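Try each exercise yourself before reading its solution.

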Amino acid sequence: MPDTTIQDTSPQDGAYNYGYLDEQTKRMIRRAILKAVAVPGYQVPFGGREMPLPYGWGTGGIQVTAAIIGREDTLKVIDQGADDTTNAVSIRRFFARVAQVATTTHTAEATIIQTRHRVPETPLTDGQILVFQVPIPEPLRMLEPRETETRTLHALSEYGVMQVSLYESIARHGRIAKTYNYPVMVNGRYIMSPSPIPKFDNPKLDRSPALQLYGAGREKRIYAVPPHTPVKSLDFDDHPFEIETWTESCALCGSTESFLDEMIVDDTGKRLFVCSDTDYCESRR
Amino acid sequence: MYVAVKGGETTIAHSLDLLADKRRGDRDVAELSLEQIDQQLGLAVDRVMTEGSCYDRSLAALAIKQARGDLIEAIFLLRAYRTTLPRFGASEPLDTTRMVAERRISSTFKDVPGGQVLGPTYDYTHRLLDFSLAASGERPEAPTAPADATHALPRVGDILQRDGLLEPPPSRDDGEARDLTREPLVLPASRPLRLQNLARGDEGFLLALGYSTQRGYGNNHPFVGEIRYGHVPVSFVPEELGFAIEIGEIEVTECDMVNQFVGSHDVPPQFTRGYGLAFGHAERKAMAMALVDRALRADELGEAATSPAQDEEFVLAHSDNVEGSGFVQHLKLPHYVDFQSELVVVRMLRTEAEQRREQAALAQAAE
């Protein structure tokens, strides 16, 4: 049996500050977080650092987590709802190493949950913090590539372009065909990208008792939704927002209420549906 | 149950072991030393230092060894280390007229004060594979004239500028130097910030953009006013001393590009400048940077900005290869939740389209 302990190839860990980032950087990020909490849904520019993980792999979420984590915290990291996806394992291991923090896979036990592409099925509670990894923080980016333009659109609440794009989807497909990264209005003021979570998860953001922090490392933006803040998915009176549904139930726990992943299990294309949230699924079996 | 791209600690550990094994390669072949990389792959070290924004030859050599020669990966490694280092402050601006130049050429004049110095260059090599390099063997040392460190080299640009033919360089901004690695880039950016971005920018990206200006996408009729490469002293003012002391020397390549300008309402016709600077010996990078710098000045000079190289947001937002490499490669991460959402909707849309088609066929048959 080969030795499976991970070799420490970096310089001595002792050379790094607690939580990897130096205290000055943490203060800078905390200031950005405070501003983001004070102006829900507004994208705050921050001096994002190069992290030892690649851009696009959660560097924004990692910096936010590194700035708020303490020794008494319990961290859960998920990717696609699962604790055992490789990138979630990698990030969890990073914090266990640089912050000597307790980790868990149980949603209810975690004080900080860093996530990519999902909101846990188990309802969050007061005092919990959900940290999202965000690839493109600007909800209007695919409609207007220029930052100087989109900044002005936000400042003026000039959101017609987004409504038009949703209308065009209805005109073309008979329904709003946007399925993930579905735009939301936060506190009646800013349109916000909820990160690429499926629209199935959007209702969980609304008036959540947990604090939601969103970190975009490459784009150097932080935004937030404070607890109990209204978050409304954009829609029309005659085309109300709706979420995905399945006719199947989870093959492992039988849930009919959770987001299901579809797996192809043999060469003939036979399919199996299971919960994407592994902790939720295991707790029901 | 088989689930792709899931794996625990053990899988990752095995992957890292395999990577380390691949890095070492055949154990019968001697291992590379950092000194060998520094001395014999020096231009790779120069590029990693430039785009890694960190002047340290041995760290760059280590990064190249660790990255198995993948220079973008090496740049990433060096930057991730650099970002953890404390900042003592900013040096005094480099004075490149004090350069001990190993190479210095101008294409705008046949001869210039200080002379044309060809130095070590690939420019006039015939690109024939030198099979004698395949066999190891001692090379005789090349004869060189003794370097004259006391002799200041005037800039070609300064000579043109005296006659008013060339715009003066921007006046020295005595404000605190902004640092792109500490603060987010806010657009529109000042020229110093743009130059910082370009200096860290990917050589290939800048090369393609610079090239595009030459092919008519934002042409600015460039001439190489001057390229120089050599050692320059770095000075720093420690707070407790209050005056500048020399803390070392670095090697840089500087390119002063001279470009045509037709003049405007307020300014008579004169030549304008584009500027490029890179660590070590990196003429392609410095020249491409100078071309793009000049192209990005379109607004300032009242030119129509219609081409990619003149578009500040486009250039500055996409120049960084560590950012680009990460975001392109993040597509390898699992996206099956979002894909599942798309599957659900595409199936629904297909069912609805099928129903509409059947209804239309029925209606047609009934007629």
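Predicted model: local features only at pLDDT ≥ 70, side-chain atom pairs only at ≥ 80, totals over all residues.

Residues are numbered from 1 along each chain as its sequence is written, while chains are lettered from A and ligands numbered from 1 in the order in which they are written.

**Exercise 1. Find the order of the strands in the open sheet of chain A, and name the edge strands.**

Step 1. Helices (H or I, at least four residues) and strands (E, at least two) are DSSP runs numbered from the N terminus. Two strands pair if DSSP finds at least two bridges between them.

Step 2. Seven strands of chain A make up the open sheet, in the order E1-E9-E8-E5-E4-E2-E3, and the pairing is mixed.

Step 3. Strand E1 (44-45) and strand E3 (102-103) of chain A are the edges, since each is listed as pairing on one side only.

Step 4. E1(A) joins strand E9 (residues 221-225) of chain A in the antiparallel sense over two bridges, and Pro45(A) has Arg221(A) as its bridge partner in E9(A).

**Exercise 2. Describe the neighbours of strand E4 (residues 112-116) of chain A, and decide whether its residues are buried or exposed.**

Step 1. Start with the pairing. Strand E2 (residues 74-79) of chain A runs parallel to E4(A) and is joined to it by five bridges; here Lys76(A) stands opposite Ile113(A).

Step 2. Strand E5 (residues 129-133) of chain A also pairs with E4(A) in the parallel sense, over four bridges, and Ile129(A) in E5(A) stands opposite Ile112(A).

Step 3. Apply the burial rule: with C-beta atoms placed from the backbone, a residue is buried if 20 or more other C-beta atoms lie within 10 Å of its own, exposed if 12 or fewer, and partly exposed in between. Five of the five residues of E4(A) are buried.

Step 4. In a regular strand the side chains alternate between the two faces of the sheet. Ile112(A), Gln114(A) and Arg116(A) lie on one side of E4(A), with Ile113(A) and Thr115(A) on the other, and both faces are covered.

**Exercise 3. Work out which residues Val156(B) touches.**

Step 1. Val156(B) belongs to helix H6 (residues 156-162) of chain B. Val156(B) counts as buried because 25 other C-beta atoms lie within 10 Å.

Step 2. Two residues are in contact if their C-beta atoms, placed from the backbone, lie within 7 Å. Leaving out residues up to four places away in sequence, Val156(B) touches Ser106(B), Thr108(B), Phe109(B), Val112(B), Gly225(B), Glu226(B) and Asp256(B).

**Exercise 4. Say how many residues each chain gives to the contact between chain A and chain B, and what kinds chain A supplies.**

Step 1. The contact takes 49 residues from chain A and 40 residues from chain B.

Step 2. On the side of chain A, helix H3 (86-98), helix H4 (147-155) and strand E11 (260-264) each supply at least two residues. H3(A) gives the most, with five residues.

Step 3. Sort the side of chain A by type: Ala, Val, Leu, Ile, Met, Phe, Trp, Tyr, Cys and Pro count as nonpolar, Asp, Glu, Lys and Arg as charged, and the others, Gly among them, as polar. The division is 16 nonpolar, 18 polar and 15 charged.
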